[in-house]
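Thank you all for coming; I would like to walk you slowly through one structure today.

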Amino acid sequence: GTSCSLDGMLLADYPGPKAQIHYRGAAQPEWFCDTIEMFNIYLNPEQARGVAAIYVQDMGKADWEQPVGNWIDARSAFYVFGSKRLGSMGPTAASFATEADANAFIGENGGKLVRFDEVQADMVVLDGGALHDQSM
């Protein structure tokens with residue numbers, strides 16, 4: 001029954017890695033149905049709340065279609081951007097506890113390995129590309 005803090009989508013209804021941010025002084029974490037959403041909020045320059053912890057799912061252990069549990073520290077995780085696997089909102093950043101699992105995923109699904117502190121705001125835009133469509 002857990003829903004996404006941004007759009008109300010039920011996390012259990014969608015594939016791919018999920019995320020949670022725990023803020024200092026807040027009793028409950030904010031949940032995200034996709035790692036891209038989590039990064040978008042975390043990297044937002046207007047984000048002023050103190051972050052106590054961030055967790056993502058280890059997709060080296062979790063089932064992609066129905067991920068449950070397998071939470072790891074987001075700051076120490078390895079991420080794969082640009083793979084052919086989709087999350088709840090389309091392209092996602094697959095999260096892994098080990099570099100070996102991330103590289104194995106890249107071998108099967110493509111993508112590029114990125115560490116938490118290498119993720120930039122322009123890599124996690126939530127507009128779906130609509131704002132950049134110049135075809136009209």
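Two strands pair if DSSP finds at least two bridges between them, where strands (E, at least two residues) and helices (H or I, at least four residues) are DSSP runs numbered from the N terminus. This is a predicted model, in which local features need pLDDT of at least 70, side-chain atom pairs count only at pLDDT 80 or more, and totals for chains, interfaces and linings use all residues. Residues are numbered from 1 along each chain as its sequence is written, and side-chain values use heavy atoms, with hydrogens and water left out.

With that in mind, β5 and β7 run antiparallel and are joined by 4 bridges, and Tyr79 stands opposite Val114 in β7. On β6, the pairing with β5 (residues 78–87) is also antiparallel, over 6 bridges, and a hairpin of 2 residues joins β5 to β6, with Gly87 opposite Gly90 in β6. Together they form an open sheet of 3 strands in the order β6-β5-β7, whose edge strands, β6 and β7 (112–115), each pair on one side only.

How much of strand β6 is buried? Of its 7 residues, 6 are buried, buried being under 20% relative accessible area, exposed over 50% and partly exposed in between, with a 1.4 Å probe and protein chains only.

Finally, let us turn to Gln20, which lies in strand β1 (residues 19–23) and counts as buried because its relative accessibility is 6%.
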